[in-house]
Every structure is written in structure tokens, then in C-alpha cells.
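Okay, hi everyone, thanks for making time. Have a look at what's on the screen, and I'll talk you through it.

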Amino acid sequence: MSFPYTPTRAYPTTPTPQPTPVDIPSGAQRPRLTFLGTGYLGATYAICFAELGYDVLGLDPDEAKIAKLSAGELPFHEADLDELLRRNLAAGRLRFSTNYREAAEHGDVHFVCVGTPQRPDGMSADLSYVEAAVTSLVPNLTRKALIVGKSTVPVGTAEWVEQLVSKYAPPELGIEVAWSPEFLQEGHAADDVLRPNRLVLGVKSEWAQSMLYAAHKGVFDLAANEDREVPVVVTDFATAELVKAAANAYLATKISFINAMAEVCEAAGADVTMLARGIGYDDRIGKKFLQAGVGFGGGCLPKDIRAFQARAQELGAGEALRFLHEVDLINLRRRTRVVQLSAELLDRPYGPNGPDLSGQRIAVLGASFKPNSDDVRDSPALAVAGKLSRAGAHVAVYDPEGMENARREYPDLEYAASLNEAVRGAELVCVLTAWEEFRYADPKALAELAAGRRVIDGRNCLDQALWAAAGWEFRGIGRPGA
Ligand SMILES: NC(=O)c1ccc[n+]([C@@H]2O[C@H](COP(=O)([O-])OP(=O)(O)OC[C@H]3O[C@@H](n4cnc5c(N)ncnc54)[C@H](O)[C@@H]3O)[C@@H](O)[C@H]2O)c1
């Protein structure tokens with residue numbers, strides 16, 4: 001049972017801004033919007049802003065993705081979004097294209113939503129997609145427009161984009177740049193975009209600020225209708241870029257903090273879930289992001305904390321972020337810990353090269369990096385599945401939504417068609433993504449299917465007493481065994 005907990009507001013909210021009227025370059029009533037890159041971020045934005053009444057064009061060079069979106073099919077799993085996609089395509093407010101000339105003609109405000117993955121040769125961010133998007137768009141522009149970065153980038157990128165713009169655009173067009181980092185969370189992305197908890201606007205001119213307000217008027221109107229405020233932080237480019245880097249560094253640190261506590265709890269025979277409750281009721285600490293487990297993954301936190309360190313190093317401030325290296329190491333250690341626990345539970349020898357799990361059948365429940373998403377980028381669940389498989393185990397992976405992506409990214413692993421199929425004949429079950437299907441699975445029924453009643457709760461999301469009562473030998477992360 002959770003204790004009633006109402007956090008108090010630390011700061012007064014900023015009043016909803018009253019945008020100063022601004023001439024829209026296309027002559028339309030509201031700015032026409034383009035979203036360059038229609039992945040998790042860009043497609044969600046394109047769909048949600050069409051829902052808010054804007055005339056929207058989403059662009060991506062990936063023809064298959066654009067064909068899917070144009071046909072009303074979402075290329076990824078995100079609750080509630082497919083219905084919004086179909087509704088707005090039908091209403092004629094939303095279309096998709098691979099053509100930069102069309103995007104340039106359409107947009108008053110162009111949001112850059114392309115990927116910024118970790119470079120293969122180091123920790124820094126690969127900005128080649130940002131460069132390609134900007135240099136493909138700008139030569140096609142024929143009137144004034146605002147280019148707004150939404151991708152997560154190293155500090156200094158907006159200034160560099162401004163230089164690219166001045167290199168490729170005729171100066172008389174007066175193309176401007178702004179940066180507005182994005183904080184949406186996969187799993188409730190549509191709600192995060194329609195109802196953001198804040199907007200951060202990095203701008204250099206009143207015109208850019210007014211255009212951004214006009215481009216978000218639908219967000220402010222929705223908030224006013226729902227009697228909410230959307231706080232707005234208006235700042236310079238560098239601060240806007242750093243807000244995002246700092247937010248992700250903080251979140252990653254909080255997760256690794258509780259995972260470090262889990263390590264100490266394991267050594268001391270204490271229970272990290274109770275420790276988290278014990279500290280989380282202090283509203284200076286808060287309860288969120290205090291679930292010990294196999295740690296963070298996905299397309300953001302891991303690469304963002306590495307890129308932040310790399311950029312700080314370039315700026316001569318590397319020492320300030322040295323702790324993020326430890327945050328990363330703690331996070332990665334949790335993955336190895338599941339393999340150690342597996343060897344312990346299966347009573348298998350652990351040599352200098354890791355454990356020998358040959359001949360053991362292990363069910364890995366979870367492939368996506370978090371529940372309610374099919375995103376498997378840097379997924380802790382799949383990383384653990386890979387380690388178990390390399391240790392000789394016969395691993396069967398099951399995930400409610402992430403199977404297609406997992407098969408593509410990790411073709412060497414074996415996949416089961418259902419939860420029951422994964423567990424059937426397994427000596428050990430590892431729950432590594434906290435999907436509801438796993439959290440509320442019936443441990444008695446699963447006990448009938450498994451060859452050995454051993455379970456590792458890699459997300460501390462199961463009811464330990466219930467599983468133990470059904471005869472399972474239970475291990476959590478940072479918790480004493482049952
Ligand atoms: N996914 C999230 O939850 C999230 C949240 C906040 C911020 N971000 C940031 O947003 C950015 C995008 O992330 P994502 O998860 O949507 O990535 P993604 O890989 O899902 O999408 C990126 C898209 O950009 C497209 N693209 C590549 N080159 C292009 C070009 N030249 N022009 C136009 N499109 C191009 C790709 O085809 C792809 O569809 C990253 O910087 C990420 O860190 C993501």
C-alpha cells in the first residue's frame with residue numbers, strides 16, 4: 001500500500017504567456033510547422049501539433065517510415081498516438097514527405113528532431129544528422145523562417161547551426177535559429193507533448209520568441225482550458241542546450257544513486273525497496289526514479305551522459321562531470337549483477353571469465369528498455385539476455401511490444417511467442433522490463449510451466465511474498481532472498 005503523498009510546489013508557476021502578435025511569413029493565421037525527422041520525437045510532435053490545430057508536415061528520408069505514417073500506421077509503439085495520427089491525417093492537417101523542397105515551402109517554423117546517437121569512435125554525440133537536416137533544408141528556403149532545434153545536442157550546437165544557416169541561406173531571407181530541448185518520455189509521449197511540464201526556449205531575438213509562442217499557442221490554450229499553467233523558461237542558446245543535458249544527468253544520477261544503495265544493501269543484508277521508501281517520503285528527495293533494478297537504457301540517458309562528459313572535456317570542464325563516469329559504471333554493473341545472481345540461483349560455477357551457464361534454460365521477460373515502449377536501444381534487458389546467452393544459457397526472450405525491434409537488433413537471441421512459452425521449461429525466469437503483463441502474472445500458473453521455480457526480479461516490480469508463496473526462490477535487486 002502506498003502512503004498518501006502530495007508534493008508541495010517549490011516555485012510559483014510562470015503565468016501563461018500572452019504572445020505578442022507576429023507576422024507569419026507564409027501569411028497563414030498560425031505558423032505552419034514542419035518536423036524534420038519523424039522518429040519517436042518528431043512523429044509524436046507532428047501528430048500532437050496537428051491535433052492542436054496546426055497545419056503540419058513531417059519529413060524523414062526513410063521512405064518506408066513515411067509510407068507507414070502516411071497510411072495511418074505508427075512505426076513504433078506509443079499508446080493513444082495511432083488514433084491521433086489517423087484522425088489528423090483524415091482532417092487534412094497532417095501529411096508526411098521525404099522531400100525537403102516541400103518542407104521548405106510548407107514551414108514557417110521548422111523543428112529539427114533528428115537523432116543524435118553516440119559516435120562509434122568515442123563518447124561524443126554524432127551531429128551528422130543535424131548537419132544533414134539543416135543543410136538540406138536551408139538552400140530550399142525562399143522566405144523568412146525559424147529553425148528550432150529539439151534534438152538533444154552538446155552545448156554550442158545552436159551557434160554552429162546558426163553558422164550553417166548563414167553559410168547556406170541568402171542573408172536577405174533573415175532565417176533565424178532557436179533551441180527548445182525536449183523532455184518527453186516514451187510510454188506517455190503524447191500527453192507529455194500536449195501537456196508539457198515546462199517549455200525551455202533558447203532565443204536570440206524577440207521575433208524568434210514570438211514565433212515560438214505562436215507555434216505553442218495551442219499548448220497554452222489547452223492548458224488554459226484545463227486550468228493549468230505551462231511554465232516557460234526563456235534563455236540563451238547555451239543555457240537551453242545545457243538544461244537538457246543537466247536534466248538527463250540528474251535523472252541518470254538519481255537512478256545510479258539508488259542502484260549504488262542496492263549494492264550496499266546486498267552487502268549488508270538490507271532491503272533497498274524499503275530504503276527507497278524511507279528516503280523518498282522526504283520531498284527534497286522525492287520518490288520518483290528511486291527504483292533499484294537493472295538500470296537505465298534507451299536512446300537518451302546513456303548516450304546523453306556520455307556526450308555531456310565529452311563536451312565538458314572539450315570545454316575544459318571535464319572534472320566537473322567526472323561523477324557521471326561513475327554513474328555510467330554503476331548502471332552497467334547492475335547488468336552484470338543479474339548474471340551473477342543467475343549463477344548463484346542455478347548453483348553454477350563463476351570463473352574469471354564469468355559463469356558457466358551451459359545447458360540452462362532461462363526466460364528473459366522484457367526486451368524494450370522500459371514498459372509501454374517498443375524501443376530497444378541500449379536496452380538493459382537485451383544486454384543481460386546477451387550476457388546470459390554468451391555464458392552458455394539457452395535464453396528465450398519475450399516482450400509484449402518490443403519483439404520486432406529486438407529481433408532486428410539482436411538476431412542471435414531466441415524469442416518466445418508469449419510469456420507462457422518463454423517460461424515453459426525454464427530453470428530460471430528473469431523479469432527485466434516492468435511491463436504490467438509480467439508484474440501481474442500469476443506465479444502459481446507460471447510455476448506449473450517452469451522446470452525450476454527460480455525468479456530474478458530485475459526491476460523490483462513483483463510481489464515477492466506472492467511469488468515465494470507459490471514456491472519460487474526469489475531474488476530482487478538490493479533485496480535479501482526470500
Ligand atoms: N525518444 C525520446 O524519448 C526523446 C526524448 C527527448 C529528446 N530526444 C532526442 O530527440 C532526438 C531524436 O530522438 P528519437 O528518439 O526521435 O530518434 P529516432 O532515431 O527515433 O528518430 C530520428 C529520425 O530522424 C530521421 N533522420 C535522419 N536523418 C535525417 C535527415 N537528414 N532529415 C530528416 N530526418 C532525418 C531518421 O530517419 C529517424 O526517423 C535525439 O536527439 C534524442 O536524444 C528523444
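Let's start with one spot: in which loop is the place of Asp227? Asp227 sits in the loop between helix H9 (217-225) and strand S8 (232-235). By the way, helices (H or I, at least four residues) and strands (E, at least two) are DSSP runs, numbered from the N terminus.

Before I go on, this is a predicted model, where local features need pLDDT of at least 70, side-chain atom pairs count only at pLDDT 80 or more, and totals for chains, interfaces and linings use all residues. Residues are numbered from 1 along each chain as its sequence is written, and side-chain values use heavy atoms, with hydrogens and water left out.

Most residues other than glycine have a negative phi. Asp227 isn't a glycine, yet its phi is positive, about 60 degrees. Asn460 isn't a glycine either, and its phi is positive too, about 45 degrees. You'll find Asn460 in the loop between strand S15 (454-457) and helix H19 (464-469).

So, buried or exposed? Buried means under 20% relative accessible area, exposed over 50%, and partly exposed in between, using a 1.4 Å probe and protein chains only. Asp227 has 72% relative accessibility, so it counts as exposed. Asn460, at 14%, is buried.

Now zoom out. Of the 482 residues in the protein chain, 54% count as buried. The chain has 19 helices and 16 strands. Along its principal axes, the C-alpha trace spans about 75 × 45 × 45 Å.

That's my tour, thanks!
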